Amino acid sequence: MQPRTPLVLCFLLSQVLLLTSAEDLDCTPGFQQKLFHIDQPVEFIQDQAILNLNFSDCKGNYKLHYEVSSPYFKVNNEGDLVALRNITAVGKTLFVHARTPHAEDMAELMIVGGKDIQGSLQDIFKFARTSPVPRQKRSIVVSPILIPENQRQPFPRDVGKVVDSDRPEGSKFRLTGKGVDQEPKGIFRINENTGSVSVTRTLDRETIASYQLFVETTDVNGRTLEGPVPLEVIVIDQNDNRPIFREGPYVGHVMEGSPTGTTVMRMTAFDADDPSTDNALLRYNIRQQTPDKPSPNMFYIDPEKGDIVTVVSPALLDRETLENPKYELIIEAQDMAGLDVGLIGTATATILIDDKNDHSPKFTKKEFQATVEEGAVGVIVNLTVEDKDDPTTGAWRAAYTIINGNPGQSFEIHTNPQTNEGMLSVVKPLDYEISAFHTLLIKVENEDPLVPDVSYGPSSTATVHITVLDVNEGPVFYPNPMMVTRQENISVGSMLLTVNATDPDSLQHQTIRYAVYKDPAGWLNINPINGTIDTTAVLDRESPFVHNSVYTALFLAIDSGNPPATGTGTVLITLEDVNDNAPFIYPTVAEVCDDAKNLSVVILGASDKDLHPNTDPFKFEIHKQTVPDKVWKISKINNTHALVSLLQNLNKANYQLPIMVTDSGKPPMTNITDLRVQVCSCKNSKVDCNAAGALHFSPTSVLLISLFSLVCL
């Protein structure tokens with residue numbers, strides 16, 4: 001193959017520096033020679049050395065690893081490039097990538113006389129994900145530039161150089177892209193005459209991990225001669241970030257008695273350094289455990305995954321015997337795979353030993369005593385229990401049950417949530433005369449079920465002996481209420497009924513006397529000895545003290561105890577209606593115009609305090625209207641209403657018209673009421689009744705007034 005005469009841009013890779021001391025700056029990490037030319041042989045022979053590659057990371061080449069762009073070659077431990085089998089065609093270019101935890105670099109091997117092989121350069125190195133593959137038909141050949149982050153002064157610092165032996169006179173190099181003429185601007189620049197590429201400041205890989213630049217050549221007028229060709233600048237990671245735990249607080253739970261090796265929780269840290277290097281390869285360790293009893297090594301953490309597991313026997317994870325059921329572990333994460341040079345981040349893990357119901361509740365004694373007065377309700381005794389489980393869980397909380405001695409459901413028991421005691425209560429009053437003693441059998445269990453190997457024993461039941469005290473109970477009326485029905489208006493002194501009260505204290509042989517307690521209308525009296533109730537006044541169904549025809553009174557029965565006890569009885573008297581109320585009309589005043597064409601005056605209604613059939617239908621009449629005086633007319637509308645109308649127009653005046661209304665009772669009752677009718681002047685939509693002040697009586701009304709006057713003389 002003829003020597004290549006087009007422009008060749010060869011980038012000299014920069015020093016690959018770590019955070020080292022000043023003495024380390026004399027060593028340049030990377031390949032000592034980065035470009036090789038190899039004549040294409042007839043055949044590459046298997047395991048025969050082709051050339052030797054000299055790479056150093058200035059740290060002893062710990063964990064040195066090579067990668068070759070062709071799968072038919074490798075670099076052995078001595079740095080020799082060898083073929084893995086006999087092969088003739090491998091293409092025109094090979095790339096060799098070397099990497100240790102401290103540095104990485106790439107060398108290019110030009111096969112002189114080699115032929116293109118489709119797809120032979122598709123294996124791109126991990127560190128150069130976006131690096132372009134050199135193409136033979138282009139004069140500019142570009143390889144990535146690698147620059148360590150955190151480089152110190154002085155700046156600017158040369159990191160590479162563009163070389164062109166056939167560059168036309170006056171041509172210049174031009175560099176563009178993010179980091180040059182795009183934000184962040186001014187990080188990189190190129191000497192337009194010499195082609196030296198330099199960096200102007202310290203780089204931070206965690207801010208920008210790589211820069212995509214473009215290089216081209218231009219003539220004196222700035223016109224592009226060739227390019228632009230992409231150039232990737234890769235920032236090599238330094239171990240400058242400590243691992244951090246970002247997801248705290250970290251709290252884990254493990255059940256007491258768990259088997260050895262039980263996973264409690266996972267702790268994972270984050271390292272901002274390059275995850276493909278040991279700078280972000282983390283290892284975990286437990287630095288400290290508090291408390292350190294019963295073993296200083298209760299837990300173990302997987303150094304790679306961060307899983308915390310138990311390492312003690314289940315017997316040591318007994319919550320009831322531990323000094324403290326809470327452990328705090330200081331967990332450290334160290335990068336550089338845990339080597340001493342690695343950076344460390346710490347966090348605290350809190351592990352709680354959760355309770356399981358492995359202890360049954362036990363009564364503090366087998367028998368409890370209680371005393372209660374008959375007739376009283378409420379708590380009579382608190383039953384105490386002991387339970388070694390966690391007081392905040394259902395494994396400690398007690399549930400009580402009465403299993404014997406409560407056939408009448410007179411007792412109930414509930415748990416005091418603060419003390420866990422059983423509060424035994426009387427919910428139905430007890431009767432000394434029926435039973436003076438009660439015996440209850442009570443069991444206690446936990447809200448949560450016990451673990452399979454634990455059961456409730458004899459201590460989980462207790463006996464309660466209850467003594468009922470006799471008290472002087474008030475007499476009891478039977479029946480209560482007592483009911484009787486009578487007609488209203490019965491004569492005073494009429495006997496209504498005899499009440500009866502008995503003393504529940506049958507063993508005390510006491511006497512009973514009776515008294516009136518509440519008699520709102522003052523109508524009743526009771527015999528204190530035999531309880532007979534009679535009337536002291538007329539019973540009126542229409543009284544405001546009677547509701548729905550029922551009159552209610554209360555009476556007392558008082559025993560002879562010391563002090564005496566009282567019982568209250570209710571008497572309900574239903575009063576039957578008597579026709580003792582006359583009906584009345586409404587309204588009693590009406591107006592009409594003196595020139596009205598409609599001679600209707602007013603619609604009258606009637607009402608009666610009595611009940612049916614002593615009320616409607618009502619009969620309406622004009623009382624004793626004489627024939628010459630017949631200027632009024634009354635007409636029935638229905639059972640309760642009638643229409644009053646004129647037979648002719650009247651002069652403006654006030655008229656008194658006697659209306660008689662009669663109910664349907666037997667015998668009926670009648671009432672006469674004067675209806676005052678004002679005949680007014682109605683002109684221009686105005687009603688004037690002022691001149692109607694003088695009263696005008698019908699002749700009949702005048703006659704009645706005269707007779708009344710004679711009677712009164």
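Phe 299 has Thr 310, in β21, as its bridge partner. The model is a predicted one, so to speak of local features takes a pLDDT of at least 70, side-chain atom pairs count only at pLDDT 80 or more, and totals for chains, interfaces and linings use all residues. Residue numbers start from 1 along each chain as its sequence is written, and side-chain values rest on heavy atoms, with hydrogens and water left out.

Strand β20 and strand β21 (residues 307–310) run antiparallel and are joined by three bridges. Strands here are DSSP runs of E, at least two residues long, numbered from the N terminus, and two of them pair if DSSP finds at least two bridges between them. Together with β18, these two strands make up an open sheet of three, ordered β18-β21-β20, with antiparallel pairing. The edges belong to β18 (263–266) and β20 (299–301); each has a single partner strand, so one side of each is left without a neighbour in the sheet. From one strand to the next, the twist averages 20 degrees, where axes are lines fitted to C-alpha atoms and angles run from 0 to 180 degrees between N-to-C directions.

Another open sheet has three strands in the order β26-β30-β29, and its pairing is antiparallel. Here β26 (378–383) and β29 (411–415) take the edge places, and each has a single partner strand, so one side of each goes without a neighbour in the sheet. The twist in this sheet averages 30 degrees from one strand to the next. As for β26 and strand β30 (residues 422–426), they run antiparallel with five bridges joining them. Across from Asn 382 stands Met 423, in β30.

Note on methods:
Helices (H or I, at least four residues) and strands (E, at least two) are DSSP runs, numbered from the N terminus.
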